[in-house]
Amino acid sequence: MMNFVLFLSAFFILGGLAVASNPSPYYGVVGLVVASAAGCGWLVSLGVSFMSLVLVMVYLGGMLVVFVYSVSLAADPYPEAWNDWRVIGYGVGLGLVVIVGIVLGGLLECWPGGVSVNNAGVSWVRLDFGGAAMFYSWGAGLFLVGGWGLLLTLFVVLELVRGLSRGAIRAV
Amino acid sequence: MSFLHLSFYSAFTLSALGLAFHRTHLISALLCLESMILSMYVALTIWPIHTQTPSSTIIPILILTFSACEAGTGLALLVASTRTHGSDHLHNFNLLQC
């Protein structure tokens, strides 16, 4: 089981590396999808399946879908794929940074340990379900603040793309 | 440092470096920002597991809410830039260039 967690966390880092080496946006989104899928699997293997569900529905199924069709605005006639020397250079350079950091920080004391998510049988409800349910009881104020922020963002986006001499970033 | 911490720490650092060394497209920088938020979400979810405090699981969900706001605003800026300049290349943002 620990090897599976290591495998998923390795794919998490590799997805981050794929995004950070800045290929053409078509390929960067692939790295982000791999990283978020690995992160979801990692959270499930740790036991907090509700947080994984929230991540996959809101992040992967909401935000990344919007990003995927927004990269059509960023189309290149000759996209830099993974075998482009600039992408490989960035990937190798950033990978070296991570490896040097690991070596200098000491790899041998890094090994995952086992934790439980239901207080080892004491709680009736699992840790993530009980915690997220507090959004509706004690955390109702935070819930309303989050909802207000989302409503405000709707109007911010409307004003940004309105255009025709009244929107932001207009040169004409 | 445990391996779990190392994993999301290095993913965050990689994405931050990718944001700092952006090249041509604005949306590549936005994707690096999204990757930073993803690693922050995973980190904030692992923390209540280690400390066994269920009430802290609200925090990653709240972070995800505000990151959705920020992603929407970033994409609106992308659309505005494309409608003005025809592309989202970063060298188009030269209004404040000295």
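Predicted model: local features only at pLDDT ≥ 70, side-chain atom pairs only at ≥ 80, totals over all residues.
Of the 172 residues in chain A, 38% count as buried. An unreviewed UniProt entry assigns the feature "transmembrane region" to residues 44–75, 87–108 and 135–161 of this chain. For the segment 135–161 of chain A, the model gives 78% helix and 0% strand, with 33 Å between the C-alpha atoms at its two ends.

Chain B carries annotations of this kind as well, and here too the entry is unreviewed: UniProt places "transmembrane region" at residues 6–22, 29–49 and 61–80 of chain B. Within residues 29–49 of chain B the model is 100% helix and 0% strand, and the end C-alpha atoms lie 31 Å apart. Residues 61–80 of chain B are likewise 100% helix and 0% strand, with a separation of 29 Å between the C-alpha atoms at the ends of that segment.

The largest pocket brings the two chains into one picture. Its volume is about 380 Å³, and its lining is made up of 18 residues, among which A:Val58, A:Phe135, A:Phe143, B:Ile61 and B:Thr65 lie nearest the centre. In terms of secondary structure, helix H3 (49–70) and helix H6 (140–160) of chain A, together with helix H3 (58–85) of chain B, each supply at least two residues of this lining. In terms of domains, both domain 1 (1–120) and domain 2 (122–171) of chain A contribute at least three residues each. Sorted by class, the lining of the largest pocket comprises 15 nonpolar residues and three polar ones, with no charged residues.

The cysteines can be followed next. Over all chains the count of disulfides is zero. A:Cys40 takes part in no disulfide, and the cysteine sulfur nearest to its own, that of B:Cys32, is 19 Å away. A:Cys40 counts as buried because its relative accessibility is 8%, which lies under the 20% cut-off for that class.

In chain B, B:Gln52 is a residue other than glycine with a positive phi, near 55 degrees, and it is placed in the loop between helix H2 (26–51) and H3 of that chain. B:Gln52 counts as partly exposed, at 25% relative accessibility.

Finally, several pairs of residues in chain A show how parts of the chain that are separated in sequence are placed relative to one another in space. A:Val71 belongs to the loop between H3 and helix H4 (85–105) of chain A and is buried, with a relative accessible area of 6%. The C-alpha atoms of A:Val71 and A:Pro25 are 6.2 Å apart, while 46 residues separate the two in sequence. A:Val68, found in helix H3 of chain A, counts as partly exposed at 42% relative accessibility; its C-alpha atom is 9.9 Å from that of A:Gly28, a residue 40 positions away in sequence. A:Pro79 is placed in the loop between H3 and H4 of chain A and is partly exposed, with a relative accessible area of 33%. A:Pro79 and A:Tyr27 are 52 residues apart along the chain, and their C-alpha atoms are 9.1 Å apart.

Terms used: Residues numbered from 1 in each chain as written. Chains lettered and ligands numbered in written order. Heavy atoms only, no water. UniProt positions renumbered as here; feature names shortened; annotations may be inferred. Helix = DSSP H or I, 4+ residues; strand = E, 2+ residues; numbered from the N terminus. 1 Å grid on protein atoms, 1.4 Å probe; cavity = no way out; pocket = protein on both sides within 12 Å on 5 of 7 lines; lining within 4 Å. Points joined across faces, edges and corners; volume = space filled by probe spheres on them. Nonpolar A, V, L, I, M, F, W, Y, C, P; charged D, E, K, R; others polar. Domains from an automatic or database assignment. Disulfide = S-S within 2.5 Å. Buried < 20%, exposed > 50% of the residue type's maximum accessible area, 1.4 Å probe, protein only.
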